[in-house]
Every structure is written in C-alpha cells, then in structure tokens.
Amino acid sequence: MDNKKVKVISSYPSFWDYWKEVFDYRELFWILAKRDIMVRYKQTIFGVLWSILRPLISSMVYVFGVNRIGTLGENSEIPYILVILSGNILWLFFSQSLMTISLSVVTNNNLVSKVFFPRIIIPFSSFFLGLLDVIIGMCVFIGFCFYYSYIPDYKVFFAPLFIILAYMAASGVGLFASVLNVKYRDIGQLIPFVISFGLFISPVLYTTDTVASHWTYKLFVLNPVTGCIDAFRWALLGDAYAFNWDSFIPLLIFCFVTLFVSIRYFRKHESSFVDYI
C-alpha cells in the first residue's frame with residue numbers, strides 16, 4: 001500500500017491552512033533572507049561597512065545642515081547627533097523595508113513563475129535584511145553614547161518593539177504596492193519618489209516638538225513614521241524626549257488595520273501573479 005502523503009493545493013486556503021503552509025515553507029524564508037543579505041554585499045569593496053557608513057555619514061550631514069544652516073539643534077538637551085542618528089536609523093529601516101517589500105514579487109519573478117509556495121514569504125523575508133542594518137546602526141549609536149558619556153535608561157529595552165511596529169507599517173503599505181507593481185510597473189517608479197520627500201515630512205532632521213504649535217501638527221502625527229521615530233527616540237534618549245501618545249495611537253491603528261487588509265489583499269491576488277510576470 002502506498003503511504004505517500006498527497007498534498008492538495010487550494011486556490012484560496014482557509015486562514016489556518018494558509019499560515020500552516022507558510023510555516024511549512026519556513027526553510028525557504030531563511031534561504032531568501034540569507035540570499036538577500038549575501039546579494040547586497042557581494043562584490044562590494046566595503047561590504048557590511050556600508051551599513052555603518054550610510055547612517056553615520058547621512059546623520060553627520062544632517063547635523064551639519066541643522067546646526068550650521070538652521071537653528072533646530074541649538075536648544076537640544078543632549079548632543080544633537082544622537083537625536084538625528086536615532087531618527088535616521090529608523091527612517092532608513094522603514095524606507096528600505098518599504099522599497100524592498102514593494103518590489104519583492106517582481107524582482108523574484110523567476111521564482112514566482114516556476115515554483116509553488118506561499119508568495120507572502122517573499123516580501124516578509126526582507127525583514128532580516130533591514131534588521132541587520134538596524135543592529136549595525138545601533139552599534140554606531142552606542143559608539144556616540146560612549147563618546148558623549150551618555151547612558152540610555154531602562155526604556156532602551158522597548159526599542160525592539162518600535163522596530164517591529166516600523167516594519168509592520170512598512171509592510172502594511174508595501175504589500176499593497178507589491179501586488180499593484182505586478183500589474184502596474186508605475187508603482188516601482190512611484191515608491192522611490194514618495195520615499196524621497198517622505199524624509200522631510202517625517203521627524204528625522206528635527207523633532208516633533210518643533211511643529212507642535214503649528215496648524216499642521218494634527219496631520220503630522222498621522223504619519224506612521226512620526227509615531228515610530230517619536231517612540232524610538234523616547235526609548236533611546238531617556239528623559240530628554242517624552243513619549244508622544246498623539247503620534248503613537250495613530251501608528252498602532254495604522255499598523256494593525258493596514259497590515260490586516262493588505263495581507264487579505266495579497267492573498268486574494270497572489271495566485272494571479274504568474275499571469276502578469
């Protein structure tokens with residue numbers, strides 16, 4: 001008697017069957033994550049050093065611009081490089097995760113068109129690529145903390161929670177974009193354009209306090225990146241930066257609503273990817 005198991009592939013499995021299937025393909029998840037990290041640094045002269053240079057150089061340029069051209073850093077209680085660096089680390093993580101997730105299905109078209117597996121593994125495998133940059137960026141931040149004799153308090157242990165929320169926010173938008181990009185390649189051009197000015201409407205170069213009295217504040221705190229950076233700075237900068245519930249509550253709502261809806265949208269369309277790739 002043949003005891004081989006027969007796998008039945010459904011076009012739209014139930015919730016539990018779908019996530020069980022994703023778990024069954026967990027090895028592919030790690031393979032894709034490892035491949036993305038290897039591809040990023042393959043044939044580069046500086047290798048992983050780029051993960052140090054990007055946040056370090058950009059933060060130093062921002063501090064120079066803020067202190068020499070503007071006056072935003074004059075009243076800071078702690079060295080402004082720590083304020084800029086904490087915001088810049090999270091901004092780079094969010095923007096790169098959004099970009100990678102949005103383009104993930106199209107850039108893996110050979111895999112999508114030839115092998116069956118839950119396609120949602122592809123965008124989520126980008127998490128560790130961004131996480132590696134965050135870990136290296138945090139090493140740079142700790143180096144500056146030693147230099148300025150600044151010691152973060154117990155709230156630093158909450159930092160991973162806000163990194164996960166930043167990834168959830170990026171995934172909530174990125175999954176929609178990844179599906180649309182399969183059919184409409186304009187999305188691949190639109191996302192970098194949106195990210196390029198997203199830096200200036202998010203509190204990377206400045207703090208949320210500087211716009212608290214402006215009429216745009218109620219719109220400003222609706223930006224999910226604002227909630228991520230505010231919470232991340234609260235965790236890293238101690239008493240110098242108060243927790244901002246005005247931006248954190250919209251962030252929570254944005255993360256859970258968009259991620260839930262975007263996963264359903266992705267599942268609904270993933271079986272048709274091969275028709276357009």
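This is a predicted model: local features need pLDDT of at least 70, side-chain atom pairs count only at pLDDT 80 or more; totals for chains, interfaces and linings use all residues.

Q: Which residues of helix 9 are buried, and why are they on the same side?

A: The general idea comes from the turn: an α-helix has 3.6 residues a turn, so residues three or four places apart point the same way. In this case, the buried residues are Ile187, Gly188, Ile191, Ile195 and Gly198. They cover an arc of only 105 degrees around the axis, which puts them on the same side of helix 9. On the other side, Asp186, Gln189 and Phe193 are exposed.

Q: What do the buried residues of helix 9 pack against?

A: Their partners are helix 4 and helix 8 (159–183).

Q: At what angle do helix 4 and helix 7 pack?

A: Helix 4 (residues 80–107) meets helix 7 (residues 127–147) at about 175 degrees, with the axes 9 Å apart. An angle over 145 degrees counts as roughly antiparallel, so helix 4 is roughly antiparallel to helix 7. Among the residues in contact are Leu85, Ile89 and Phe93 of helix 4 and Val134, Met138 and Phe141 of helix 7. By class, this contact has 13 nonpolar, 4 polar and 1 charged residues.

Q: Which elements cover the buried residues of helix 12?

A: The cover includes helix 1 (15–24), helix 4, helix 6 (121–124), helix 8, helix 11 (224–237) and helix 13 (273–276). Among the buried residues of helix 12 are Phe248, Leu251, Leu259, Phe266 and Arg267.

Technical notes
Residues are numbered from 1 along each chain as its sequence is written. Side-chain values use heavy atoms; hydrogens and water are left out. Axes are lines fitted to C-alpha atoms, for helices over the stretch in contact, and angles run from 0 to 180 degrees between N-to-C directions. Helices (H or I, at least four residues) and strands (E, at least two) are DSSP runs, numbered from the N terminus. Angles under 35 degrees count as roughly parallel, over 145 as roughly antiparallel, 65 to 115 as roughly perpendicular and the rest as oblique. Contact means heavy atoms within 4.5 Å. Ala, Val, Leu, Ile, Met, Phe, Trp, Tyr, Cys and Pro count as nonpolar, Asp, Glu, Lys and Arg as charged, and the others, Gly among them, as polar. Buried means under 20% relative accessible area, exposed over 50%, partly exposed in between (1.4 Å probe, protein chains only). The arc is that of the directions from the helix axis to the C-beta atoms.
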